[in-house]
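Open the structure in your viewer and keep the selection panel handy. We will go stop by stop, with something to select at each one.

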Amino acid sequence: MSILVIAEYNAEMDLTSLRKSVKAAQLIGSNIDILLAGNDTSAFATAASHISGIHQVVVVEDSILSQPLAENHTLVIAKFSADYEHFIFAATSWGKNVAPRVAGTLNVAQFSDVIDIESADVFVRPIYAGNVIAKVKACCAKKVLTIRGTAFSEAELGDSAAEIKKVSLSDTNYSFDAGLSHFISEELSKSERPSITAASIIISGGRGMQNGANFSILERVADKLGAAIGASRAAVDAGFVSNDMQIGQTGKVVAPNLYIAVGISGAIQHLAGMKDSKIIVAINKDEEAPIFQIADYGLVGDLFDIMPELEAAL
Amino acid sequence: MKILVPVKRVVDYNVKVRVKTDQSDVDLNNVKMALNPFCEIAVEEAVRLKEAGIATEVIVVSIGSILVQEQIRTALALGADRGIHINTEQKLDSIHVARLLSKIIEAEQPTLTILGKQSIDADNNQTAQMLAAITHYSQGTFASKVTIEADKVLVIREIDAGLQTIALTLPAIISADLRLNEPRYASLPNIMKAKRKSIEMLEASSLDVDLAPTFELLSVSAPVQRKGGVKLSSVAELVDKLKNEAKVI
Ligand SMILES: Cc1cc2nc3c(=O)[nH]c(=O)nc-3n(C[C@H](O)[C@H](O)[C@H](O)COP(=O)(O)OP(=O)(O)OC[C@H]3O[C@@H](n4cnc5c(N)ncnc54)[C@H](O)[C@@H]3O)c2cc1C
């Protein structure tokens with residue numbers, strides 16, 4: 001029984017989500033391969049080969065694969081599918097885009113946002129915005145999973161390296177261009193701060209911030225704490241900040257050591273993305289706000305008084 | 001161009017669902033049901049494309065018991081032209097839904113199929129991608145902007161690090177993210193008009209699709225509840241707690 005962990009190439013050489021996927025795979029079995037598809041990926045492949053507990057890194061290079069398109073990457077994964085029973089993706093926006101297409105191609109079910117693995121076919125996952133935890137036993141012969149990063153630690157990095165197996169398909173007529181979609185551009189948010197999925201401290205602003213300019217009040221506190229900035233959907237919808245900062249059921253899921261919710265009421269859809277944080281602080285002028293029901297520490301008051309005071313106190 | 005919009009009946013987003021005492025499933029007795037919010041956005045987008053003169057017909061399809069006709073009517077009141085109800089009492093997984101929908105695509109040949117990116121009950125975020133795989137169509141998931149250009153559709157997608165623009169060959173499958181549009185409220189005259197629009201009913205069992213269960217639900221449980229903590233009286237006290245009690249700064 002072999003497990004294929006699908007890597008998502010990135011030029012920053014960030015192995016975090018890949019190492020978490022390997023950690024999850026280790027709960028299933030020990031015959032684990034990593035599949036890396038892209039173009040000019042050798043440095044990433046070398047780094048990935050040092051993840052402990054893997055058998056080999058299978059590398060497929062083709063210029064078309066430098067684009068993160070689901071249609072084309074699915075062709076690669078499908079090409080190798082006969083040898084594997086499990087296919088593990090990180091539940092990133094790329095993984096969520098590709099994994100179900102792979103499952104559809106294999107004509108099997110997919111299990112999303114898995115937070116625990118009890119055996120090769122028993123998986124635990126949140127449903128209803130995390131208000132219910134379901135334990136399911138998969139029936140399909142092939143199992144496609146996306147795993148939630150906050151629920152798994154990273155597999156170790158070791159000194160010894162697994163074999164890197166470059167698969168050359170240039171001599172065959174196999175094409176990885178499905179001819180269905182074209183990549184045009186990406187507009188990536190630039191920030192000097194840690195990303196919200198990696199940060200150990202997050203300060204999030206909600207509708208109570210009133211406008212985008214007021215987020216500078218949070219930024220000044222974040223500067224002192226080395227924190228990332230997040231937001232509620234209301235703050236993103238109102239155009240205060242960009243969409244990639246949204247935390248919640250339909251945004252990012254985070255679990256930092258410290259989460260400070262400022263001017264956020266605590267709707268279940270927001271809690272779904274942050275309630276596994278170690279310590280939660282709520283700052284809200286409404287003492288009845290639901291966020292206080294899950295906060296370890298609450299301050300009732302006007303954020304425009306409290307945040308500058310906090311900045312000064314740090 | 002014809003647009004197909006598959007929609008789902010789900011628990012209303014304001015409801016906090018509970019687990020049955022025997023942990024066999026969630027308790028959906030007497031719970032308010034609604035059109036899945038993401039599906040509503042998908043319907044709105046299709047109706048806007050019709051209003052812009054780009055689409056000629058908007059067809060909504062929903063799968064489930066006779067009760068899903070309520071959500072089909074809601075979509076018709078928002079401006080869709082006609083409905084298809086695939087009747088089944090069976091519990092379905094995303095792959096079953098995708099298989100059934102592929103049969104409707106085969107029959108209706110829509111140029112564009114727009115779905116919600118996820119349903120707020122199972123939170124799967126799978127059906128659009130699976131449907132694209134089965135039909136061998138292009139996919140534009142988590143769309144926050146959709147623009148038709150001749151034989152292509154440009155989709156701006158919400159990705160972890162920002163926004164991504166891709167061009168899809170038509171026919172295409174699109175999944176709607178929250179910021180694609182803000183759905184309208186159905187007006188009373190449109191609600192009345194929707195009552196006269198046609199809903200065709202098909203039996204799921206007649207569509208020649210494998211509906212065998214893909215998983216067994218072993219148990220459901222409530223997540224570990226966080227206990228509310230303390231309300232503090234000053235910023236100084238907060239800083240002290242974070243430093244000396246929680247030790248997180
Ligand atoms: C399908 C669906 C998916 C969703 N997904 C998400 C998601 O992923 N993430 C998400 O966050 N939401 C999501 N939502 C939206 C969610 O239901 C709430 O509407 C949203 O989280 C509210 O954001 P908020 O707390 O910032 O705003 P509000 O609920 O308006 O709360 C603002 C808070 O700020 C406080 N406040 C105002 N002024 C001040 C001040 N001067 N000082 C201190 N406090 C102040 C108020 O007391 C209030 O509690 C989703 C909704 C739906 C239907």
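Here is the tour, starting with a few notes on reading the model.

This is a predicted model, in which local features need pLDDT of at least 70 and side-chain atom pairs count only at pLDDT 80 or more, while totals for chains, interfaces and linings use all residues. Residues are numbered from 1 along each chain as its sequence is written, chains are lettered from A and ligands numbered from 1 in the order in which they are written, and side-chain values use heavy atoms, leaving out hydrogens and water.

**Stop 1: chain B as a whole**

Select chain B, which has six helices and 15 strands; these are DSSP runs numbered from the N terminus, helices being H or I of at least four residues and strands E of at least two. Its C-alpha atoms fill a box of roughly 65 × 45 × 40 Å along the principal axes. Buried residues (under 20% relative accessible area with a 1.4 Å probe, protein chains only) make up 54% of the 249 residues in chain B.

**Stop 2: two helices of chain B**

Now select helix 2 (residues 69–78) and helix 5 (residues 188–195) of chain B, whose axes come within 8 Å and cross at roughly 125 degrees. Axes here are lines fitted to C-alpha atoms, for helices over the stretch in contact, and angles run from 0 to 180 degrees between N-to-C directions. Show side chains: Arg73(B), Leu76(B) and Ala77(B) in helix 2 of chain B meet Asn190(B), Ile191(B), Ala194(B) and Lys195(B) in helix 5 of chain B, contact meaning heavy atoms within 4.5 Å.

**Stop 3: a sheet with strands from both chains**

Which strands form the open sheet, and in what order? Six parallel strands run 13(A)-12(A)-14(A)-15(A)-16(A)-15(B), where pairing takes at least two DSSP bridges. The edges, each pairing on one side only, are strand 13 (228–231) of chain A and strand 15 (230–232) of chain B. From one strand to the next, the twist averages 25 degrees.

Zoom in on strand 14 (residues 258–262) and strand 15 (residues 279–284) of chain A, joined by five bridges; Val262(A) has Ile283(A) as its bridge partner.

**Stop 4: a strand of chain A**

Finish at strand 3 (residues 56–61) of chain A: five of its six residues are buried, so the strand is largely enclosed by the rest of the structure. Six bridges join strand 3 of chain A to strand 2 (residues 32–38) of chain A, running parallel.

Definitions and conventions
Buried means under 20% relative accessible area, exposed over 50%, partly exposed in between (1.4 Å probe, protein chains only).
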